[in-house]
Amino acid sequence: MKTTRIYILFLSFACAFTGTAQTKKKIDYFDLHAVRLLDSPFKHAQDLDKVYLLELNADRLLAPFLREAGLPQKAESYTNWENTGLDGHIGGHYLSALSLMYASTDDKEIGERLNYMLSELKRCQEANGNGYIGGVPDGKKIWEEIANGNIRAAGFSLNDKWVPLYNIHKTYAGLRDAYLYAGRQDAKEMLIKMSDWAIRLVENLSDTQMQDMLRSEHGGLNEVFADVAAITGDKKYLKLAHLFSHQFVLEPLLSHEDKLTGMHANTQIPKVLGFKRIADIEGNESWSDASRFFWETVVEHRSVCIGGNSVREHFHPTNDFSGMVKEIEGPETCNTYNMLRLSKMLYQTSLDKKYMDYYERALYNHILSTQNPETGGLVYFTQMRPGHYRVYSQPQTSMWCCVGSGIENHAKYGEMIYAHGVDELYVNLFIPSTLYWEDKKVEVTQNNSFPDQASTELSFNTERPTKFTLKIRYPSWVEANNVEVFINGKGIRINQTDDGYISIDRKWVMGDKVVIQMPMHIVVEQLPDQTNYYSILYGPLVLAAKTEKDDLAGLFADDSRGGHIAHGKKIPLRDMPIIVSDPDKISSCIQPVTGKPLTFTLSNLYSHKYPNEMELIPFFRLHESRYIIYWPQATTEDVAKLQERIMIEEKENERLDKITLDKITCGEQQPESDHFIQSDKSRTGFDEGVHWRDAQGWFGYQLKNVNNDAKYVFLKYLDLQEPSAFDILLNDSIIASVTLDGTGGEETFSQVIEIPSSLSDSDKLSIKIQAKDDRKTAKIVEIRLLSKK
Ligand SMILES: [Zn+2]
């Protein structure tokens, strides 16, 4: 039996404000110290994360803080985001991650690393002399400007620096976590001093100036100041938390309006964490309700099957998820990290099981999947685009936000497995672990090979017979009345309460064993905008197929700006396999593979490039490969139409080739140089399997008018979603002016222009595409000279 562990934590929050009407908590969480992981994919992830944490060089992370405090640096700063403006942000996350890892493992080396970080940051705070700790380049100057009301805010900048408030939020959160999770008293004192600095920073600013400043991304500063208020019991920090609450985001949420479309997703989620934290401290029902509304909006209307949200980091319209399957910047890990933190807060005050159902879904399919199980590298964007891939960070090169939140993610898997009331023990997740419940002097061991086997076993080790109610979450992915429970080998009648839990009220004795069988089945889930894209789940697990492994450019990221984006070639979506089935019959196309747990065959696929049958495995086990999570679906009739369209296109291409005198594939090097490309302010690209060129200035080529037969110019455009205006000149005469309003489709589109008879005798024709009216040219894919229409 374990000895008493340290209890400092969130429990102390409740006591700090005796005078305010706090929101009543329905349960308490166990301290991370009380839970230890046993062998499982999560334990493996935690172990790898520990290695990653120790590989990071503390002195390099500390360098920006020392520099800004005027102290000699002991090492060079890291590169990437750490020396291009966001200097110090990883250092803050590092404090949090070390604290969580220490609480989860009691690892001595991790504890020492944390102590070292704190002692060095303390030196910085002392040298700064005003309570401030930060790596923001030339921070002293901008903080002084801000204190004097000289505020120049934009989404991703403040006084010409890269989100300094977001940056220092990481330091605040790190100090808070070092105190709350690892019990470091020094961290508490540093945190309070730094919060006092923030009070002085904004004391002369009007509300209007504050709100203006909050347009700049600022993480969850309101949350952390509310935490300081709870830790100290001092209301001045609660006032500060209010000052840092962004009304522009809060107000629509209070009236249940979803105004999120177009907003940068991870700028908003942490603000809502703050609203909820303040609400809980003050017992403010309407702010709490606003946070719940936000969660429902994001989870129920803006998330994909893995539990992630956003495209290119922004919320897109709820009725248009097309960007999700087209773009290569899918759900960002930070967003889900924060959505899980919000779920944790909302569950605690509601005991609503839906928060745990989401938590489990996102934990397996997004969070766990964002760590490479061999290298420990962390993922920024998890693409939903079929046939694309993810890139992984490396400890010495990649200094992105999602590495910061990522090193925290894999250090706290113990936080939500269990929860408790006075006489209730909640089992919410089926992650192998031991729990020591101090209040009851009970040790619980959860053993299983979940999810490979859909069952778990709980055994109880008690000093004396102890009465409490065991509450087992009835997972949303099990069909009704399908769970079986055995106590000491004997099946029991299940008493499923309205709250979605199976309740077992009993006097527990040493050696009691509870086995829970939770059969999984296949479920098909449509993209939330109801378009014909489907994902496949088995129990809580999203299944995916591996496609090819070629051209995974930048798979292990270097320190280049943009190294977090999987910029290798995009496989054209039209080449992706299609499930040929009525939507409600898709699950009948999926069969288990015998002898391989969690492995399935998906058949009825139509594709000219891929097999008609593919293997599905849990997405969290799929790495270093291109993959498919969302499958386009079509009925047999649709496929026949599609085939007919392809045939018509092929015939049209054949006909076109016959009447073509000369042809240029724009944006492709050889054909362009063969045709003497000239250009000004022009660029090329490769999308949807085709090369293109456009220009803000112009570009041109020389075409061969074979036998002086040319009668027409043929142009093919791609992606007409951006407005464009341009002239087409032949031998310096304008033969057409084109204006496109940007409402065209995404596919290609062609245009044929007659050549004036005055030009048809020249055996060389020079074509020039020239932008006009301050617009760009369209993206041009192909130019041909035709002998007839
Ligand atoms: Zn991120």
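## Cores, zinc site and aromatic pairs

Tyr-717 has a relative accessibility of 0% and therefore counts as buried (under 20% relative accessible area; exposed is over 50%, partly exposed in between, with a 1.4 Å probe and protein chains only). The model is predicted, so local features need pLDDT of at least 70 and side-chain atom pairs count only at pLDDT 80 or more, while totals for chains, interfaces and linings use all residues. Residues are numbered from 1 along each chain as its sequence is written, and side-chain values use heavy atoms, with hydrogens and water left out.

The largest nonpolar core has 171 residues, of which Trp-143, Tyr-172, Met-213, Phe-244, Leu-470 and Val-514 touch the most other members. A nonpolar core here is a set of buried Ala, Val, Leu, Ile, Met, Phe, Trp, Tyr and Cys residues joined through side-chain atoms within 4.5 Å. Helix 4 (residues 89–105) supplies the largest share of this core, nine residues; helices (H or I, at least four residues) and strands (E, at least two) are DSSP runs numbered from the N terminus. Apart from this core lies another of 27 residues, with Tyr-717, Leu-765, Ile-769 and Ala-778 among them.

The zinc ion is coordinated at 2.1 to 2.3 Å by Glu-332 (OE), Cys-334 (SG), Cys-401 (SG) and Cys-402 (SG). Donors are N, O and S atoms within 2.8 Å of the metal (3.2 Å for Na, K and Ca); water is not among the atoms, so sites may look incomplete. Angles among the four donor atoms run from 96 to 123°, and the site is tetrahedral (four donors, all angles between 85 and 135 degrees). Cys-401 and Cys-402 are both buried.

There are 30 aromatic pairs, counted where ring centres of Phe, Tyr and Trp (its six-membered ring) lie within 6.5 Å; planes under 30 degrees apart are stacked, over 60 edge-to-face and the rest tilted. Two of the pairs are tabulated.

| Pair | Centre to centre | Angle between planes | Class |
|---|---|---|---|
| Phe-42 and Tyr-413 | 4.8 Å | 65° | edge-to-face |
| Tyr-717 and Phe-726 | 5.9 Å | 70° | edge-to-face |

Phe-42 in helix 2 (residues 41–55) and Tyr-413 in the loop between helix 18 (401–409) and strand 6 (418–420) are 371 residues apart, so their pair links distant parts of the chain. Phe-42 is buried at 2% relative accessibility, and Tyr-413 is buried with a relative accessible area of 2%. Phe-726 is buried at 0%. One aromatic cluster is formed by Phe-42, Tyr-364, Tyr-413, Phe-430, Phe-450, Trp-477 and Phe-620.

Technical notes:
Tetrahedral: all angles 85-135°; square planar, octahedral: opposite > 155°, others 65-115°.
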